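Here is a short briefing on one structure.

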Amino acid sequence: MNARCAVLATLLALSCNSYSVPSDVVNGVVVITQFTPGTTWGSYLTYSVDPSVAVVDETGAVTVSCSVDGSQLVPTIESNMNARGYENVPFGEAADIEIKMDALLGSVNTYVPGYCGWYPYYYCYPGWTYTGSYSFGTLVLTMGDTKNATPGGKLPLLWTNADYGVLAAYFDSGCTGSGTSVNWVKIRAAIDQAFSDSPYIVRP
Amino acid sequence: MKSTTRIAVAFALLSTGAARAQDWTSGPQRPNEMLWGFNWEIAQPVSSFRSYVDNLSLRGFSVEGRTFLRENLSLGTSFSWNRFAQTRSGSTEIPNGMVTGRVFRYADMLGLRALAHYYLNSGPVKPYLGAGIGGVWGYADQQVADIFTSQAHFAFIASPEIGVMYLVPRGGAELGVNVALRYTYTTVTVGTQKDSQTISAVLGLVFGR
């Protein structure tokens with residue numbers, strides 16, 4: 001009988017493993033793209049890319065905004081846009097589409113309502129919260145409709161891409177660094193993925 | 001592979017017990033006789049649930065009690081727990097766009113069901129048809145990077161099944177094994193998928209008195 005109980009306990013133990021979110025998910029890259037409905041992509045001919053990156057740095061106690069050089073990313077954007085049939089013009093000259101880059105850096109406290117877990121038994125507390133701190137580093141690409149912009153008005157957006165996690169929270173200390181620790185390969189791969197997820201951006 | 005070995009050991013132990021029980025008879029179950037079952041459940045998501053997670057879940061068990069009203073009919077209750085988890089890479093459409101990344105998806109289902117079983121044979125080998133109906137508490141969460149969403153609610157569950165029990169007397173009690181194939185329908189929502197459904201293989205030990 002003891003042997004049978006042992007077997008039963010083994011089967012139950014086999015079933016009862018705790019779960020955790022894999023680190024490659026938590027620290028992974030997420031590429032989000034959205035377009036403005038009604039956009040006629042074929043009506044645009046030229047584009048330009050602003051080589052500077054507008055940084056909003058919340059890694060410190062005080063939020064700091066600045067501009068850093070992002071020219072290493074420009075060829076990736078240009079190669080994708082050229083492949084879609086658009087004509088590149090130097091930044092500062094008149095273009096139908098203007099592409100800008102922004103970086104959001106910092107950490108944030110998160111909470112998960114209804115935390116469940118094992119210890120020493122399975123439990124859930126719907127009224128409780130699990131809190132934790134995550135760092136984030138997001139590169140945002142936007143396409144502005146300079147062709148149809150109203151002078152003095154807001155620049156209409158045609159497309160937005162947020163590459164979540166590519167900056168790993170530190171754009172080399174944000175506004176105070178030199179940018180030498182940035183994983184450019186990771187960022188370029190995310191930009192390529194963003195265009196891959198946006199096949200509608202094309203000029204016939 | 002380890003799981004298979006453990007199951008084989010369980011069956012071997014029971015077979016040994018059966019061989020030693022020289023005085024067993026193939027009598028029918030008595031009215032009011034109780035059978036307790038402890039089952040390991042292997043569940044495969046099907047239908048819309050498969051869009052959420054499509055891998056086989058080895059993490060599940062159920063505990064059930066059956067009372068015989070007649071030799072071929074029992075009523076009972078069951079508590080079950082099944083866990084599903086999967087990490088996928090891929091793209092998901094959102095309004096006017098797309099999200100691409102590694103996504104972790106998870107679901108727990110805890111069911112409490114009323115059971116009814118009809119036995120096709122009164123001997124030690126008892127093929128049966130059964131059904132369960134009741135409530136299930138479903139909890140699911142999804143995560144990409146540190147973006148997290150979850151759903152938790154109480155829902156309906158119904159589960160027809162076919163199976164077979166093998167019972168042998170042992171002292172003043174009965175011991176046996178239970179094998180069943182079960183389809184489970186629930187109204188649990190996981191992510192954007194509604195009405196989670198599974199097909200399960202049930203392997204268990206039975207104790208009767």
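In this predicted model, helix α4 of chain A covers residues 184–196. Its 13 residues reach 18 Å from the first C-alpha to the last. That is close to the 18 Å expected at 1.5 Å a residue.

**Helix α4 of chain A**
- The buried residues of α4(A) are I187(A), A190(A), I191(A), Q193(A), A194(A) and F195(A).
- Leaving out residues up to four places away in sequence, I191(A) touches L73(A), T76(A), I77(A), L141(A) and D163(A).

**Packing of α3 and α4**
- Helix α3 of chain A spans residues 74–83.
- The axes of α3(A) and α4(A) come within 10 Å and cross at roughly 20 degrees.
- Angles under 35 degrees count as roughly parallel, so α3(A) is roughly parallel to α4(A).
- The crossing of α3(A) past α4(A) is right-handed.
- On the α3(A) side, the contact is made by T76(A), I77(A) and N80(A).
- On the α4(A) side, R188(A), I191(A), D192(A) and F195(A) make the contact.

**Nonpolar cores**
- The largest nonpolar core has 54 residues.
- The members that touch the most others are V30(A), I97(A), I99(A), L139(A), A190(A), I191(A) and A107(B).
- Strand β4 of chain B, residues 97–119, gives the most to this core, with 7 residues.
- A second, separate core has 10 residues, including L35(B), M165(B), V168(B) and L175(B).

**G106 of chain A**
- G106(A) is found in strand β5 of chain A, which spans residues 97–118.
- G106(A) has 18 C-beta neighbours inside 10 Å and therefore counts as partly exposed. A buried residue would need 20 or more.
- G106(A) and D57(A) are 49 residues apart in sequence. In space they are 6.1 Å apart, C-alpha to C-alpha.

**Chain A overall**
- Chain A has 4 helices and 7 strands.
- From the N terminus on, its elements run α-α-β-β-β-α-β-β-β-β-α.
- Chain A has 204 residues, of which 28% count as buried.
- Take the contacts in chain A between residues at least 6 apart in sequence: 72% of them join residues at least 24 apart.

Conventions. Residues are numbered from 1 along each chain as its sequence is written. Chains are lettered from A and ligands numbered from 1 in the order in which they are written. This is a predicted model: local features need pLDDT of at least 70, side-chain atom pairs count only at pLDDT 80 or more; totals for chains, interfaces and linings use all residues. Helices (H or I, at least four residues) and strands (E, at least two) are DSSP runs, numbered from the N terminus. A residue is buried if 20 or more other C-beta atoms lie within 10 Å of its own, exposed if 12 or fewer, and partly exposed in between; C-beta atoms are placed from the backbone. Two residues are in contact if their C-beta atoms, placed from the backbone, lie within 7 Å. A nonpolar core is a set of buried Ala, Val, Leu, Ile, Met, Phe, Trp, Tyr and Cys residues joined through C-beta atoms within 7 Å. The expected span of a helix is 1.5 Å times one less than its number of residues. Axes are lines fitted to C-alpha atoms, for helices over the stretch in contact, and angles run from 0 to 180 degrees between N-to-C directions. Angles under 35 degrees count as roughly parallel, over 145 as roughly antiparallel, 65 to 115 as roughly perpendicular and the rest as oblique. A crossing is left-handed if the near helix is turned anticlockwise from the far one by less than a right angle, and right-handed if clockwise.
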